[in-house]
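Thanks for coming, everyone. Please have a look at the model on the screen before I start.

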Amino acid sequence: MQYEFGTYGICARKIIVDVDEVSETVNSVQFIGGCSGNTQGVAALVKGRKIDEVVGLLKGIDCNYKGTSCPDQLARALEEIKSEI
């Protein structure tokens, strides 16, 4: 199932996440805006991984002392998805 999340505190404006709700696995991630190479890299690295694993890896990563980052915002989005499924 596909989910869309607005972001805050980062360059990317939105994150689109597709997950397999049965296996709780990330199928794909797309960042709208942000640093293209970095966001494509993050998206490629999380594809096929379990939601809990991705959250554990990415939550709390900070970008330039903003208190968040694109990876952190993805982790927060995945936590929200996990709470809904």
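Some ground rules. This is a predicted model, in which local features need pLDDT of at least 70 and side-chain atom pairs count only at pLDDT 80 or more, while totals for chains, interfaces and linings use all residues. Residues are numbered from 1 along each chain as its sequence is written, and side-chain values use heavy atoms, leaving out hydrogens and water.

The term means a side-chain nitrogen of Lys or Arg within 4 Å of a carboxyl oxygen of Asp or Glu. How many salt bridges does this rule give? The count comes to six.

K14 is partly exposed, at 30% relative accessible area. The scale is this: buried is under 20% relative accessible area, exposed is over 50%, and partly exposed is in between, with a 1.4 Å probe and protein chains only.

Next, R49 and E53. Their side chains meet in a salt bridge of 2.6 Å, N to O. R49 is partly exposed at 30%, and E53 is partly exposed at 36%.

Now D52 and K82. This salt bridge has its closest N and O atoms 2.7 Å apart. Why does it tie together parts that are 30 residues apart in sequence? Because D52 lies in helix α2 (residues 51–58) and K82 in helix α3 (residues 70–84). K82 is partly exposed, at 26% relative accessibility.

There is a third partner here. E24, D52 and K82 are linked in a network of salt bridges. E24 lies in the loop between β2 and β3. Its relative accessibility is 26%, so E24 counts as partly exposed. Look at the backbone of E24 too: phi is near 55°, a positive value in a residue other than glycine.

N64 also has phi near 55°, again positive and again not a glycine. N64 is in the loop between α2 and α3. With a relative accessible area of 64%, N64 is exposed.

On to aromatics. Rings of Phe, Tyr and Trp (its six-membered ring) pair if their centres lie within 6.5 Å; planes under 30 degrees apart count as stacked, over 60 as edge-to-face, and the rest as tilted. A search of the whole structure finds one aromatic pair. It is Y3 with F5, stacked, 6.5 Å centre to centre and 25° between the planes. Are these two buried or exposed? Y3 and F5 are both buried.

Last, the surface. Which residues form a negative patch? D20, E21, E80 and E84 do. Patch residues have over 30% relative accessible area and no salt bridge, and like charges are joined within 9 Å. E21 lies in the loop between β2 (12–20) and β3 (25–33). At 32% relative accessibility, E21 counts as partly exposed.

One more distance, involving D20. Q2 and D20 are 18 residues apart in sequence, yet 9.0 Å apart in space, C-alpha to C-alpha. Q2 lies in strand β1 and is exposed at 54%.

Notes:
Patches are made of residues with over 30% relative accessible area and no salt bridge: like charges are joined within 9 Å, nonpolar side chains (Val, Leu, Ile, Met, Phe, Trp, Tyr) within 5 Å. Accessible areas come from the Shrake-Rupley method with a 1.4 Å probe; for residues, only the protein chains shown count as cover. Lys and Arg count as positive and Asp and Glu as negative; His and the chain ends are not counted. The place of a charge is taken as NZ of Lys, CZ of Arg, CG of Asp or CD of Glu. Helices (H or I, at least four residues) and strands (E, at least two) are DSSP runs, numbered from the N terminus.
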